[in-house]
Amino acid sequence: MGHHLIVNFAPAMQKIKVPRYIQWIVLTGIIFLVIMTLLRLALVIIFAHKISVSQLLPAFWLGFRFDLRMVSIVSVIVFLIGSIKPLHPLQTRAGRATSFWLYGIFSTVFCILYAVDLYHFAYLFQRLNGSVLNYASDARTSIYMMWQSYPLIKFAFALVLGILGLLALIRLSYNYILSKPVKSVKSSRIAWSIVFFLVLGLGIFGRIGQFPLRWSDAFSFNNDFASQVSMNPFQSFFSSISYRHSTYDEKEVREHYLWMANELGVTKPDIKTLSFSRTVVPDKQPPVNIKPNVVLVICESFSAYKSSMVDNPLNTTPYFKQLANEGVYFNHCFTPSYGTARGVWAIVTGIPDVQEYRTASRNPAAVDQHTIVNDFEGYEKHYFLGGSASWANIKGLLTNNITGLKLHEEGDYKAAKIDVWGISDKNLFLEANKVLKQEKQPFFAIIQTSDNHRPYTIPEEDKAAFKSLNVPLDTLKKYGFLSLEEFNAFRYTDFSYKTFIEAAKKEPYFDNTIFVFIGDHGILGDAGDMLPSVFSSQSLTSEHVPLLFYAPKLIQPQQYSFPTSQLDVLPTLAGMCNIGYVNTTLGKDLLQIARKGEDHKAFIIDIDSRKVGLIYNNLYYNYRLTGGDDKIANITKNVPVPLTDSLKKEYRFMTDAYYQTSRYLLLNNKKK
């Protein structure tokens, strides 16, 4: 095979006088790329799944780009070291030895990773990932298990043969190139070196655009097998190595399972399988052909204490308050954690993102998730974002788990980009309205805003219609704002909501649409006298957000004060739309809770300070995962709450139940 490649490619490079050193690196890289492609094909043949050629071809193309990245990284290392004259592989003995040592190390790692990857996939139907390193903590047991389960001697023999075979191909290409005459001159060698370095850089970056190729691109096929095929063990292993400790304590999960199953309404609890699945049937059948549309707006940094919803004297969101008076509003809604990626995760999956390192959306082992969005059968699914969805693997989370999703992002709109976050929120809403008014089928649309975020850009085109205000800095700080730019950006969100709703009211879809507004997270700050002191002293301002269901033609106005969460949004929407669904996670139908007068709880985790807590019965209890520092406070009024032993025991158990169950579900909520 190596000789065949050399015969086909080397003469062409000779004719255009490519330096022999570059020729050798290119030919060696091609050998690895061909082998990696053949191994990917072998994976498909050995584990033949029902998958069409039309799905496999994009997976193979993406896989080739992942392979090219790995080969380019090795090639650039060999190239740069060999560019040092005493270490030139074709001119000095030391250079030849160094290059062969580098390729020898890569070949060894290559063969080991691919061999282990094969067994890993056969066992778990997942490409090799960083979790295998966890077995090192009990190395003796792991080795015995492997010895009794696999033919390790044959495995080692095949591994050695593979390494020797790769080295032989590399040596063959080296000898072939060495036998060719030197035709390049110094000036052309310098030019070719610059071009080659840039080409390798492009191979490593993986695409032409703002963002590099990421492992999360593998999860854009909406087909798990295609996603697995597209990756290689280098990409899957090194992308997930930092998440190897993202696991759960099964003993703790089982200890709290029966209580948690009862809390969630699991009708057939099974402590053996640890299933939290429950089938929810609609209360009544909707009229024929009447399915309410859904527009779910995830509002950037929509902190409740900065809004008009807590009667902030700066009155930043008067239009939103008007909508709330006409809709179903929950004034004690809390996000499970802080951060946009964690907020989107909680809404879409129904699980708090309790992962302590980075975010769950970035974890290859967690990206496969069941979501209630898919129970909206017969609905067109849309996701609108003003910028790119490549950050934090949000694209992978969405496209891998929401069937038939149409993702609209930067580059899909006529409106111009205004800053790093893409087009303005006002234009994002108007672009979404253009798409939605053309829909002939019911639709479920998610719109994610971003303007209420540094650099707080107010578009020039809106400065006439939207009037920025000038407020003294001491007044701004008194009511929750650090700068005039932040204050006006917050007001601009209200302007954008108004522009959107007034545009939607002119369209036929409006009367049959449920609009939902919820913050992705709050902002840490001092709420002053606008809220009880616990919101400021215990950082609840970071998680306290407005939650509004607005559909003046479909639902009666109502305000509720019991604790709610981002986790509850999808179950509540399914209930409002009379849709039966399978709930496998922690969210509940808020209107059902209100009708039955049930208790409800909101779980919160502060990743930075490593605190977990629970809001229940107007009390907020929390403690540090590092141990102790238990606190409890009233969230409706400034009255002291003694933390008795019995109260601490009760709230600690409930908090741990939510926390341990969330850790478990992050890795065990895979879609069927």
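Mentor: What follows is a set of questions about a predicted model, each answered by setting a value against a cut-off.

Trainee: How do you know that cysteine 299 is in no disulfide?

Mentor: A disulfide needs two cysteine sulfur atoms within 2.5 Å. By this rule the count comes to 0 disulfides. For cysteine 299 the nearest cysteine sulfur belongs to cysteine 333 and is 11 Å away, so cysteine 299 is in no disulfide. For cysteine 577 the nearest cysteine sulfur is again that of cysteine 333, 18 Å away, and cysteine 577 is in no disulfide either.

Trainee: What makes cysteine 299 and cysteine 577 count as buried or exposed?

Mentor: Buried means under 20% relative accessible area. Cysteine 299 has 0%, so cysteine 299 is buried. Cysteine 577 has 4%, so cysteine 577 is buried too.

Trainee: Why is the pair of phenylalanine 302 and tyrosine 497 called tilted?

Mentor: A pair of aromatic rings is described by the distance of the centres and the angle of the planes. Rings pair if their centres lie within 6.5 Å, and by this rule the count comes to 52 aromatic pairs. For phenylalanine 302 and tyrosine 497 the centres are 5.8 Å apart and the planes are at 55°. Under 30 degrees would be stacked and over 60 edge-to-face, so 55° makes this pair tilted.

Trainee: What does that pair tie together?

Mentor: Phenylalanine 302 lies in the loop between strand 2 and helix 11, whereas tyrosine 497 lies in helix 16, so the pair ties together parts that are 195 residues apart in sequence. Both phenylalanine 302 and tyrosine 497 are buried.

Trainee: Why is the pair of phenylalanine 481 and phenylalanine 487 called edge-to-face?

Mentor: Their ring centres are 5.6 Å apart, and their planes are at 80°, which is over 60, so the pair is edge-to-face. Phenylalanine 481 is buried at 0% relative accessible area, and phenylalanine 487 is buried at 1%. Both residues belong to one aromatic cluster that also includes Phe302 and Tyr497.

Trainee: What makes you say that a charge sits over the ring of phenylalanine 481?

Mentor: The charged end has to be within 6 Å of the ring centre and within 35 degrees of the ring normal. The charged end of lysine 306 is 4.6 Å from the centre of the phenylalanine 481 ring and sits over that ring. In another case, the charged end of lysine 601 sits over the ring of tyrosine 616, 4.3 Å from its centre.

Trainee: Why is histidine 408 called buried?

Mentor: Histidine 408 has 15% relative accessibility, which is under 20%, so histidine 408 counts as buried. It lies in strand 5. Neighbours within four places in sequence aside, histidine 408 is in contact with residues including Tyr383, Leu385 and Val435.

Trainee: Why is serine 468 called partly exposed?

Mentor: Its relative accessibility is 45%, between the cut-offs of 20% and 50%, so serine 468 counts as partly exposed. Serine 468 lies in the loop between strand 6 and helix 15. Leaving aside neighbours within four places in sequence, serine 468 is in contact with Asn488 and Arg491.

Trainee: Which peptide bond is called cis?

Mentor: The one from arginine 454 to proline 455, with omega near 15°. Proline 455 is found in the loop between strand 6 and helix 15.

Key: Residues numbered from 1 in each chain as written. Predicted model: local features only at pLDDT ≥ 70, side-chain atom pairs only at ≥ 80, totals over all residues. Heavy atoms only, no water. Buried < 20%, exposed > 50% of the residue type's maximum accessible area, 1.4 Å probe, protein only. Phe/Tyr/Trp six-rings, centres within 6.5 Å; stacked < 30°, edge-to-face > 60°. Helix = DSSP H or I, 4+ residues; strand = E, 2+ residues; numbered from the N terminus. Contact = heavy atoms within 4.5 Å.
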